[in-house]
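Trainee: Could you show me how to read a protein structure, one feature at a time?

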Amino acid sequence: MVGRNDPCPCGSGKKYKKCHGKNALGDITTIVSEEIDRIVEGFVKETFHSANYHELEKRNHLWQNTLHHAFTDKLLDTIAMETYIYIDHPELWQNYINKQITKQMRQQVKDILQSWLQPVFMLARVDSQSPEVIAITDIVTNKSYVMNGTPAKTFSGKWLFGIFMPDARKGENGLTATSSVVFLPNEKDNIVEALRLKLQNGYADSMDLYKTFLEDKNESNSKVNEKPTDPTKDVKDEVAATKETSTEMAPFTTEVLEFVNKYVNEYKLDAAEFLESLTSFLENTAIKAKKAETVAAGAVLAGQANSAISEGGLTKVKDVAAYFGVSASSISKYRDQITEFLAK
C-alpha cells in the first residue's frame with residue numbers, strides 16, 4: 001500500500017496525497033495504465049535512432065510496392081513498422097522492455113510488461129463486441145480472449161488478423177491489439193482460410209502472411225483499413241512522424257543528427273528535447289561546415305553546457321573532438337552558435 005506521504009507511484013514526483021491519492025478511492029488501474037503508457041512512449045526515444053529510420057524507409061517502400069492493392073497507404077505504413085518492431089526485429093522491443101522490468105515499479109506493471117515480451121500473429125473470430133469489450137476466439141488454437149472495445153465505432157467484420165500481446169488488465173485472457181490489427185469483412189472467408197493454414201503450419205514470414213490478402217478471389221476496389229484502438233499507438237505515431245521528418249531533412253542535417261544520436265545513445269543520455277532544438281537550429285541556420293562531425297561535436301558541447309543533455313558522457317572539449325574525429329579548435333564556432341540559439 002502507498003502511504004499518503006510517499007511519492008506517487010505514477011512518477012509525477014508529487015506526494016501520493018497530492019496526486020492520485022487526492023481521491024480516497026484512487027483507481028489503481030488508472031495509475032498502472034498511466035505508468036505503462038509512459039514506459040511505452042519512451043521506447044522511441046531510447047531505442048530508435050536515425051539508422052533505423054533509413055531501414056524503415058526502405059522497408060516501407062518495399063511493402064507499399066508489394067501490397068498497395070490490398071491496403072491503404074496509411075495502414076501499410078503501420079503494418080510495415082509494427083512487423084519490423086515486434087516480429088522481424090523483436091530484440092529492439094524485448095531489450096527495451098527487459099531494461100524497464102529491472103527498474104523499481106509496481107508488480108502489476110512488471111507483470112504486464114513481462115507478458116508483452118512475445119508479441120504474436122493471431123487470426124481470430126469476433127464472437128461479440130461492445131464499446132467496452134470485444135470477445136474473440138483464436139481459430140488456430142481455439143482459445144478465447146477479450147480486448148478493449150471501440151467506443152466510437154462498431155465494426156461489421158467477422159474476423160481479426162494482426163499482432164497481439166497478452167494484457168493482464170483485462171484478466172487472465174486479456175489481449176492488447178496493436179494498430180496494425182485489421183478487421184476482415186465476412187465475404188473474405190477465402191483469405192481467412194489461407195491465413196489459418198499458414199499460421200497452423202508455422203509460417204513466420206511477415207510479408208508472406210500479408211501477401212495472402214492479394215489472393216482475394218472477389219477482388220474489390222475496397223482496401224482493408226479498419227483497426228482496433230492500440231494503447232501503444234503514440235509510440236507508432238512518434239516513430240512514423242520522426243521517420244517522415246527525417247526523410248524531408250537536408251542530407252547534411254540528417255547526418256549531423258545521426259552523429260549526435262549515436263553519441264547520446266552510446267552514453268545513454270537523455271537528449272530528446274535537445275535533439276528537437278538542434279533540428280530546428282539546423283533547419284533555420286545556414287551552416288557552411290565541411291564535415292557534419294564538426295557541427296555534431298559543437299552541438300554536444302553546447303547541449304551539455306546548457307544542461308539540455310543529461311549528465312554523463314565526455315566533458316572535455318578535446319575528448320569530444322577526438323570522439324568525432326575533428327580538431328578541438330574547429331568546433332568552438334558551432335558550439336557558440338548553438339549555445340546562442342538555445343538561449344533564445
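## Reading the helices, bridges and rings

Mentor: Let's start with E193 and R196: they're about one helical turn apart, because they sit 3 residues from each other in helix α6 (residues 189–200). Helices are DSSP runs of H or I with at least four residues, strands are E runs with at least two, and both are numbered from the N terminus. Keep in mind that this is a predicted model, where local features need pLDDT of at least 70, side-chain atom pairs need pLDDT 80 or more, and totals for chains, interfaces and linings use all residues. Residues are numbered from 1 along each chain as its sequence is written, and side-chain values use heavy atoms, leaving out hydrogens and water.

Trainee: What do E193 and R196 form?

Mentor: A salt bridge, with 2.7 Å between the closest N and O atoms. The term means a side-chain nitrogen of Lys or Arg within 4 Å of a carboxyl oxygen of Asp or Glu.

Trainee: How many salt bridges are there in the whole structure?

Mentor: The search finds 6. One of them joins R59 to D88, with the closest N and O atoms 2.5 Å apart. That pair links distant parts of the chain: R59 is in helix α2 (residues 50–67) and D88 in helix α3 (residues 73–88), 29 residues apart. Another joins D208 to K198 at 3.6 Å. Here D208 belongs to helix α7 (residues 206–211) and K198 to helix α6, 10 residues apart.

Trainee: Is R59 buried or exposed?

Mentor: Buried means under 20% relative accessible area, exposed means over 50%, and partly exposed is in between (1.4 Å probe, protein chains only). R59 has 14%, so it's buried, while D88 has 31% and is partly exposed. Across the protein's 344 residues, 45% count as buried.

Trainee: How many aromatic pairs are there?

Mentor: Rings of Phe, Tyr and Trp (its six-membered ring) pair if their centres lie within 6.5 Å; planes under 30 degrees apart are stacked, over 60 edge-to-face, and the rest tilted. By this rule there are 18 aromatic pairs. Take F43 and W93: their ring centres are 5.2 Å apart and their planes meet at 80°, so the pair is edge-to-face. F43 lies in helix α1 (residues 28–47) and W93 in helix α4 (residues 90–101), so the pair ties together parts 50 residues apart in sequence. Both F43 and W93 are buried. Y263 and Y323 also pair edge-to-face, at 5.1 Å centre to centre and 85° between planes. Y263 sits in helix α9 (residues 251–266) and Y323 in helix α12 (residues 317–324), 60 residues apart. Y263 is buried at 0%, and Y323 is partly exposed at 23%.

Trainee: Which side chain joins Y263 in a polar contact?

Mentor: That of Q304, at 2.8 Å. A polar contact is a pair of N or O atoms within 3.5 Å; within protein, one must be able to donate a hydrogen and the other to accept it, and residues adjacent in sequence count only if both atoms are side-chain atoms. The Q304 side chain also reaches the backbone oxygen of L314 at 2.8 Å. Q304 is placed in helix α11 (residues 292–305), and at 18% it counts as buried.

Trainee: Which residues does Q304 touch?

Mentor: Leaving out residues up to four places away in sequence, Q304 touches Y263, L269, I309, G312, L314 and T315. Touching, or contact, means heavy atoms within 4.5 Å.
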